[in-house]
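Please open the structure in a viewer and keep the selection tool at hand.

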Amino acid sequence: MTRLTDWLEERTGLPSVLRKILEEPVPGGARWSYVLGSSIVFVLAVQALTGVLLALNYAPTSEGARASLAFIQEQVAAGRLLHGVHHWGAGAMVALVGFHLLQVFLWGAYRNPREATWIVGVFLFLTTLAFAFTGSLLPWDQNAYWAVQVGLSIVGTTPWIGHALQRVLQGSAEIGNLTLTRFYTLHVIILPIIVFTLLGLHVYLFLRRGVTPHWSLSEEEGKHRREPFYPYQLARDVGIMVLMLAVILWLAITFPPMLGAPADPSRAYEARPDWYFLFLFELLKYLEGPLELVGTLLLPAGSVLFLLAIPFLDRSPSRSPLKRLPVVVPMLVGVIGIAGLTGKSLLVGREERRAQRVEEVRRAGVLEEGGALLREQPCLKCHRLGEEGRDRGPDLTHYGGAGRSSEELIAHLKDPKVLHPNTIMPSFAHLPDRDLELLVEFLRLQGVD
Amino acid sequence: MDRRLVLKTLAAMANIAIAALLSLPAILYIFSPLRRRSSETDWIDLGVLEALPQGAPTLVRYEVQPSDGWARKARRASAWVYRQDDRVRVFTSTCPHLGCAVRWTPESVRFSCPCHESAFSLDGGRLSGPAPRSLDPLPWKLEDGRLYLRHQVFRPGASQAVPA
């Protein structure tokens, strides 16, 4: 063993790098408050792994995207679980990165000499959001389509360059195949390159200056009361990783992501972004006319500039949050505003939206399965449905139930002679009840929007 | 000039040349969507005008022969047609705010956008909400009693209708 280690040391120098990392002194001693950074790296690794696995069976085209994801969910072993982990892992990433940013802010860890670490961190935060946005289109269901429609339209409202920017991201005048291929390329090639490059830089800069102790300790005091990273901090980090994995697995199993009705540009949908963009969505309801730009451009861009400028705005000698009010107050206002708008958006009309979503999925299923059943049965030998069928019996294209209840229609299918004694329509009493119900549901949806 | 300076200058120039040579096609490639023609299509047949109900707007759904990359399958689109006696209005179902599809709500006799709650009147005029303009009218024509329209998309968020 020692011979192998010696050989590796001689040829690569890696063992001593590892030893240096493990012995890295933690100022002020190991703490639970230092675990966020490493848990982010862990969840990112989970995302990379599940992402690669999903890509094995995913096709980024308007015909194939939703179908391939349904295939992953329904037919690939462990597919539903892996998709669920990737879905909830994405939410966890945004939440953890947000908390990490807030914690580093509260600790005052962005200050001299760690400004560069902070700035790279802000870009990592933006990269995380870009991952979330590009990923949200890939399921290509109604919600994905319409949420991205709104997102790209927001890009389009940027003065001067907005239209060109939207066009380039969208690939075409309307969202379609070229949008999917662009978002997919960003999500699985370009953003991963960016995130791992920035992360490497971030960790390098972090290791160079070490962790910032709690604000009650000065850097000097922190250096006196220190512990090596291994084993006390490492144990805490690993504990959090196990907890994170357990939470993500539990969410993925209990609330697997539901594929909605297929994206359809001709059907209205109450689009909602994922929870982390809800505050912006809610805000846009209240901003009209020229104020619109406040929500779509000035606030987001201003917030990012503020984050980048924090290390240079904060000139207080103390790291205590109470003594850094010029930067703490705007941050607090922002956080409260985001939390309030998100809460309002989540709570108002929640039941209606749920019901609508269930209804959309059900309707898409009825249209698909009912249509197939109708074509299997001899219906179209006499009836017309759009371009198909013949004109011997009544046209079913805009039938919509003709004012009859479902029970009456089922009775009619079972014995057509009750309603029309002279009809040539045969009885469908031999079909199972489930099929009769499906046919009637399908007919009721014809001509109804 | 000494040899070092010459070599340094040549190396720098070679690097710039390589970068330019590689980035020019890349830039043309990335920005190619800007050169693609606008979204307007040929006349699309919506069927006999008489078949559409009077006095309430109808959502007509149609298929557009795609300019969606390589796709051969038509893409689906929709528009609102409002017919009252001889008066016909045809306008887009896309909210001019941020591009969601608007719904007709008969209870309040208005179109409403499910995303940010903009509202429009029976003939598409802007009533309230963050939408910057009315629902965009689409070019249409009547021929032998059949209604035809041209499918078009417009820039979101602009105060005037500009084709996207």
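Leaving aside its neighbours within four places in sequence, with which residues is A:Phe306 in contact? The model on display is a predicted one. Select A:Phe306, which is found in helix H13 of chain A, and then display A:Leu313, A:Val327, A:Pro330 and A:Met331, the residues with which A:Phe306 is in contact once those neighbours are left aside. From A:Phe306 to A:Met331 the C-alpha to C-alpha separation is 9.0 Å, while the two are 25 residues apart in sequence.

**The pair H13 and H14 of chain A**

Next, select H13(A) together with helix H14 (residues 325–347) of chain A; their axes are 10 Å apart and the packing angle is about 160°. Angles over 145 degrees count as roughly antiparallel, and H13(A) and H14(A) are therefore described as roughly antiparallel to each other. Their crossing is left-handed. On the H13(A) side, display A:Phe306, A:Leu307, A:Ile310 and A:Leu313; these meet A:Val327, A:Pro330 and A:Met331 in H14(A). Sorted by class, this contact has 7 nonpolar residues, with no polar and no charged ones.

**The pair H6 and H13 of chain A**

From H6(A), the contact is made by A:Glu115, A:Trp118, A:Ile119, A:Val122, A:Phe123, A:Phe125 and A:Leu126, and from H13(A) by A:Val304, A:Leu307, A:Leu308, A:Ile310, A:Pro311 and A:Phe312. By class, the contact of H6(A) with H13(A) has 12 nonpolar residues, no polar residues and 1 charged residue.

Move to the loop between helix H5 (79–107) and H6 of chain A, where A:Pro113 is found. A cis peptide bond, with omega about 10°, joins A:Asn112 to A:Pro113. Then select A:Trp140, in the loop between H6 and helix H7 (142–156) of chain A. Although A:Trp140 is not a glycine, its phi is positive, about 55°. Is A:Trp140 buried or exposed? Its relative accessible area is 7%; buried means under 20%, so A:Trp140 is buried.

**Helices H11 and H9 of chain A**

Select A:Pro231 in helix H11 (residues 229–254) of chain A. The peptide bond leading from A:Tyr230 to A:Pro231 is cis, with omega near 5°. Continue to A:Ile194 in helix H9 (residues 177–209) of chain A. A:Ile194 has a relative accessibility of 35% and counts as partly exposed. A distance drawn between the C-alpha atoms of A:Ile194 and A:Leu278 gives 26 Å, for residues 84 apart along the chain.

**The domains of chain A**

Colour chain A by its domain assignment, with domain 1 at 28–348 and domain 2 at 358–445. The C-alpha centres of these two domains of chain A lie 48 Å apart. The contact takes 8 residues from domain 1 of chain A and 5 residues from domain 2 of chain A.

**Chain B**

Finally, turn to chain B, for which the domain assignment gives domain 1 (3–35) and domain 2 (43–150). Their C-alpha centres lie 49 Å apart. Select B:Val109, in the loop between strand S5 (103–105) and strand S6 (110–112) of chain B. B:Val109 is not a glycine, yet it has a positive phi of about 50°. At 48% relative accessibility, B:Val109 counts as partly exposed.

Conventions:
Residues are numbered from 1 along each chain as its sequence is written. Chains are lettered from A and ligands numbered from 1 in the order in which they are written. This is a predicted model: local features need pLDDT of at least 70, side-chain atom pairs count only at pLDDT 80 or more; totals for chains, interfaces and linings use all residues. Side-chain values use heavy atoms; hydrogens and water are left out. Domain bounds come from an automatic or database domain assignment. Contact means heavy atoms within 4.5 Å. Helices (H or I, at least four residues) and strands (E, at least two) are DSSP runs, numbered from the N terminus. Ala, Val, Leu, Ile, Met, Phe, Trp, Tyr, Cys and Pro count as nonpolar, Asp, Glu, Lys and Arg as charged, and the others, Gly among them, as polar. Buried means under 20% relative accessible area, exposed over 50%, partly exposed in between (1.4 Å probe, protein chains only). Axes are lines fitted to C-alpha atoms, for helices over the stretch in contact, and angles run from 0 to 180 degrees between N-to-C directions. Angles under 35 degrees count as roughly parallel, over 145 as roughly antiparallel, 65 to 115 as roughly perpendicular and the rest as oblique. A crossing is left-handed if the near helix is turned anticlockwise from the far one by less than a right angle, and right-handed if clockwise.
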